[in-house]
Amino acid sequence: MSLSRSPSPNRGGGWSSPGLTTPFDNLSGRASPRKGYGEIQMNGGLGNSNVTWAAAKAKSDEINGYPSFSTKNNGFFSRHARQISRSLPSFVRGAEKEKLGRGRWYPNSGTKAGRLLGFLGRSIWRQRLRLLFVLAFMLAIVVFYVTPMHRAYRRASMLGGGSQFVIILAANQGGGVMEWKGPREWAIERDSVRNKKKYAKKWGYNLEIVDMSTKKRYAHEWRESWEKVDTIRKCMRKYPDAQWFWWLDLNTFIMEPSYTLQKHIFNDLSSNTYRDINDYNPLKIPHPFNNTQLDPESISPVGDGKASSIDLIIPQDCAGFNLGSFFIRRSTWTDRLLDIWWDPVGYEQKHMEWEHKEQDALEHLYINQPWIRSHTAFIPQRKINSFPAGACGEHGEDKRIHYKESDRDFVVNMAGCEWGRDCWGEMYNFRELSNRLNRTPWEKFKDGISDGIKAMKAKPENKEGKS
């Protein structure tokens with residue numbers, strides 16, 4: 001007879017499973033030198049009931065210990081499960097939901113205003129995450145654009161970098177000593193100063209307004225127009241952490257205050273400037289030097305070709321160098337240049353020949369000193385110093401020089417307006433043009449409505465005039 005299972009090693013058959021076999025089975029399946037719990041109980045007079053040790057231990061725990069959770073339904077939850085479950089609400093699909101508000105009273109619950117307030121409260125609560133996001137966004141706008149925090153951000157050297165730049169504005173030109181200053185001259189100065197203050201405050205730049213009144217620097221000379229060099233040196237001492245200094249004449253006007261110096265010029269200085277003067281050379285200066293005894297940088301058309309070596313950035317107009325708007329960087333090279341540029345000996349020997357004074361002096365140094373060229377770069381004039389149509393206008397409009405509204409040029413310089421042109425008229429026109437070009441959407445909307453009303457009023461007047 002074949003067996004479906006393998007024969008059991010225990011006498012009498014069956015397999016031993018401790019803890020699962022009946023308490024009356026004495027076949028444990030293993031030999032032990034100790035006597036079983038059942039045999040000890042038999043000697044004590046408890047009869048022949050053969051109880052396993054595990055069963056006795058479990059029974060002892062139930063009597064002497066705390067009730068524990070088990071599958072025998074004899075713990076706390078088994079005794080009270082039905083009572084607890086009856087007290088809990090049921091969530092059977094399709095059944096009627098519990099009406100929690102039944103029998104309760106709420107203020108204004110019966111009025112329309114109360115129902116409306118309740119509806120609004122529930123709607124706000126459902127959309128609370130979106131409302132929190134909107135409130136956080138509005139708070140950020142207030143903090144960074146209404147309070148001065150955005151100026152602090154733009155000014156910080158590690159963030160916006162505005163403190164690295166100093167705008168030097170020449171004000172009170174002559175101080176009324178050499179010629180009388182009337183209301184128009186004071187109005188020009190007021191508009192120019194306000195324009196620079198607003199721009200510097202917007203982007204966190206330093207602004208130094210310099211009094212250029214005529215005064216005798218030395219006992220034997222008047223150098224009022226040469227004071228530009230001495231002023232730059234003083235500003236470098238006053239702002240020791242600044243790197244770039246931007247000189248602006250009084251007759252300049254920043255047309256696009258939304259342009260930053262960093263994005264407009266300095267973030268990509270190599271592509272915004274050119275080192276080889278032959279790209280635009282109205283003075284016909286021979287470049288580079290042909291002396292083989294000079295170092296490679298001095299005889300190279302572009303110096304070392306690195307933007308980090310640029311210490312002077314100047315534009316050129318139709319007559320050569322123009323210092324109405326230029327940049328100079330703090331460096332050892334700059335200290336050396338300012339010393340030679342301001343040298344009284346050079347002024348004493350050449351001041352009668354140099355019509356444009358400090359400007360002609362710089363041109364003379366560039367032509368004759370190789371070390372000047374290796375650290376000088378030129379910038380297209382319309383980048384920082386556009387001219388109105390009346391300046392350099394002998395040969396008509398020049399796209400390199402003259403202001404163009406469609407291109408939104410950065411700065412306009414009314415250079416030479418005191419010689420036969422209306423300085424106040426040009427300043428007023430460019431100021432109004434800048435205000436119109438830089439209007440906010442709300443200002444454009446208001447101006448559109450105002451222009452529409454004016455057009456509607458003009459039509460009946462034209463009809464009456466024709467009749």
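**Close-up views of a predicted model**

Cys-417 and Cys-423 are both buried, and they open this set of legends, which describes a predicted model.

**View 1. The disulfide between Cys-417 and Cys-423.** The sulfur atoms of Cys-417 and Cys-423 lie 2.0 Å apart, and the two residues form a disulfide. The torsion about the S-S bond of this pair is about 100 degrees, and the link is therefore right-handed. Both partners, Cys-417 and Cys-423, count as buried. A search of the whole structure finds 2 disulfides, and when the bonded cysteines of the protein chain are numbered in sequence order, the pairing reads 1-2, 3-4.

**View 2. The disulfide between Cys-318 and Cys-392.** Cys-318 and Cys-392 form a disulfide in which the sulfur atoms are 1.9 Å apart, and with -75 degrees about the S-S bond this link is left-handed. The pair connects distant parts of the chain, since Cys-318 sits in the loop between β6 (316-317) and β7 (320-321) while Cys-392 sits in the loop between α16 (381-384) and β10 (411-413), 74 residues apart. Cys-318 has 35% relative accessibility and so counts as partly exposed, whereas Cys-392, at 17%, falls under the 20% limit and therefore counts as buried.

View 3. For the protein chain as a whole, buried residues make up 34% of the 467 residues.

**View 4. The crossing of helices α12 and α14.** Two packed helices are described by the angle between their axes and the distance between the axes. Helix α12 (residues 332-341) and helix α14 (residues 358-368) have axes that come within 11 Å and cross at roughly 120 degrees; the two helices are therefore oblique to each other, and their crossing is right-handed. On the side of α12 the contact is made by Leu-337, Ile-340 and Trp-341, and on the side of α14 by Glu-358, Ala-361, Leu-362 and Leu-365. Sorted by class, the residues in this contact of α12 with α14 are 6 nonpolar, no polar and 1 charged.

**View 5. The loop between α10 and α11.** A cis peptide bond joins His-287 and Pro-288, with omega at about 0 degrees, and Pro-288 is placed in the loop between α10 (269-272) and α11 (296-299). Lys-284 also lies in the loop between α10 and α11. Although Lys-284 is not a glycine, this residue has a positive phi of about 55 degrees. With 67% relative accessibility, Lys-284 counts as exposed, because the value is over 50%.

**View 6. Arg-408 in the loop between α16 and β10.** Arg-408 lies in the loop between α16 and β10, and although Arg-408 is not a glycine, its phi is positive, at about 55 degrees. The relative accessible area of Arg-408 is 27%, and the residue is therefore partly exposed.

**View 7. The protein chain as a whole, for orientation.** The protein chain has 18 helices and 10 strands. Among its contacts with a separation of 6 or more, residues 24 or more positions apart account for 70%.

Conventions
Residues numbered from 1 in each chain as written. Predicted model: local features only at pLDDT ≥ 70, side-chain atom pairs only at ≥ 80, totals over all residues. Heavy atoms only, no water. Axes fitted to C-alpha atoms, helices over the stretch in contact; angles between N-to-C directions. Helix = DSSP H or I, 4+ residues; strand = E, 2+ residues; numbered from the N terminus. Parallel < 35°, antiparallel > 145°, perpendicular 65-115°, else oblique. Left-handed = near helix turned anticlockwise from the far one by under 90°. Contact = heavy atoms within 4.5 Å. Nonpolar A, V, L, I, M, F, W, Y, C, P; charged D, E, K, R; others polar. Disulfide = S-S within 2.5 Å. Buried < 20%, exposed > 50% of the residue type's maximum accessible area, 1.4 Å probe, protein only.
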